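Q: Could we go through this structure together? I would like to begin with its core and then turn to other regions.

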Amino acid sequence: TSSKWEVQTLDLSNDKKTFYFTANMDHPGVTDYYRIPVTGGTPVKLTSMKGGKAVTLSPDEKWLAIEYSTENTLPELYLKPNKPGANPVQLTHSMTAEFKSYPWCAPEIFTFKNRYGSDVYARVYEPKNPDPTKPAVIFVHGAGYLQNITYSWSEHYFREYMFNNMLADNGYYVMDIDYTASAGYGRDWRTGIYRHMGGKDLSDHVDAVKYLREKYGVKKVGIYGGSYGGFMTLMALFTEPDVFTSGGAIRSVTD
């Protein structure tokens, strides 16, 4: 395989003639389940719903159990026959009426060009009633190589997702990006900060602030994140103090 997408899981069929794998071929933020002969060929897509999917193949290989979610709905369990075009059947309904009563934001996923001409995938939580002072907050995902700009529920950052909704309710613009070295975009992007952490990954966030200022006229910008996101917050505050006026470095990686 080759291109800017990534193989995320891999299973071998019982007769050892077929590979089953999860990949984001159609869009970086959408995962699907595929099969391909072990000798190579054109992958056949076995799932179709737009969003995130964690797929388990049944022992007899006749069924697919699919944990499916969107960016503003919780994961649910679906079952479908192991063949393209078959309709999945939803088995669980886990969201309560109270949870569904709140209008959880589904920010549009888009790209902007960083200073090096590369596409950075991003999203903005746009407030319905912006504060007159036009404040904004940048959220930085952790792990460095994690992927957070997807059409699925954030497994790692559901708390931050809800907090970002609250910030938007209070008039803040909130933006998060899959900065250089994030997962999901292929080898070149994944290795883009090799031996220079706090370089291109930080300048991507500075370029994100530039985007916010040009499109929404934001003024003061804060930044927060945990773990590697905490490290990025410290690098932002120490090395780009004219860009970021405040920050929250949570469980940050420091020397």
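This is a predicted model: local features need pLDDT of at least 70, side-chain atom pairs count only at pLDDT 80 or more; totals for chains, interfaces and linings use all residues.

Q: Which residues of the largest nonpolar core touch the most other members?
A: They are Phe112, Ile138, Met175, Ile177, Leu212 and Phe244, out of 37 residues in that core.

Q: And which elements each supply at least two residues of this core?
A: The strands are β9 (109-113), β10 (119-125), β11 (136-140), β12 (173-177) and β13 (221-226), and the helices are α4 (200-216) and α5 (228-239). Helix α4 gives the most, with 7 residues.

Q: What does Phe244 touch, not counting residues up to four places away?
A: Phe244 touches Ile138, His205, Val206, Val209, Val221, Ile223, Ala236 and Leu237.

Q: Which residues does the second, separate core include?
A: That core has 14 residues, and Tyr125, Leu146, Tyr161 and Tyr224 are among them.

Q: Back to α4. How many of its residues are buried?
A: Of the 17 residues in α4, 12 are buried, so the helix is mostly covered.

Q: Which ones?
A: The buried residues of α4 are Asp201, Leu202, Ser203, Asp204, His205, Val206, Asp207, Ala208, Val209, Tyr211, Leu212 and Tyr216.

Q: What follows the helix?
A: Gly217 follows α4, and its phi is positive, near 70°.

Q: What does its side chain reach?
A: The side chain of His205 reaches the backbone oxygen of Asp201 at 2.9 Å. Not counting residues up to four places away in sequence, His205 also touches Ile138, Val140, Ile177, Tyr179, Met232 and Phe244.

Q: A change of topic: where is Asn165, and is it buried or exposed?
A: Asn165 is found in helix α2 (residues 158-169). Its relative accessible area is 4%, so Asn165 is buried.

Q: What is Asn165 in contact with, leaving aside its neighbours within four places?
A: Asn165 is in contact with Tyr102, Pro103, Trp104, Cys105 and Tyr125. Of these, Tyr125 is also included in the second core.

Q: And Ser118, where is that?
A: Ser118 lies in the loop between β9 and β10. With a relative accessible area of 27%, Ser118 is partly exposed.

Q: Which residues does Ser118 touch, again not counting those up to four places away?
A: They are Phe112, Lys113 and Trp189. Ser118 and Thr180 are 62 residues apart in sequence, and their C-alpha atoms are 9.3 Å apart in space.

Q: How many cavities of 30 Å³ or more are there?
A: A search of the whole structure finds 2. The largest cavity holds about 40 Å³ of space, and its lining consists of Glu71, Arg123, Asn148, Thr150, Ser152, Trp153, Ser154 and Tyr161.

Q: What volume has the largest pocket, and which lining residues lie nearest its centre?
A: The volume of the largest pocket is about 680 Å³. Its lining has 29 residues, of which Gln8, Thr31, Thr150, Ser152 and Glu155 lie nearest the centre.

Q: Which elements give two or more residues to that lining?
A: They are β1 (7-12), β2 (18-27), β3 (30-37), β5 (52-57) and β6 (63-70). The largest share, 4 residues, comes from β5.

Conventions
Residues are numbered from 1 along each chain as its sequence is written. Side-chain values use heavy atoms; hydrogens and water are left out. A nonpolar core is a set of buried Ala, Val, Leu, Ile, Met, Phe, Trp, Tyr and Cys residues joined through side-chain atoms within 4.5 Å. Buried means under 20% relative accessible area, exposed over 50%, partly exposed in between (1.4 Å probe, protein chains only). Contact means heavy atoms within 4.5 Å. A polar contact is a pair of N or O atoms within 3.5 Å; within protein, one must be able to donate a hydrogen and the other to accept it, and residues adjacent in sequence count only if both atoms are side-chain atoms. On a 1 Å grid over the protein atoms alone, a cavity is a set of points where a 1.4 Å probe fits but cannot get out, and a pocket is an open set with protein on both sides within 12 Å along at least five of seven lines; lining residues have an atom within 4 Å of a point. Grid points are joined across faces, edges and corners, and a volume is the space filled by probe spheres set on the points.
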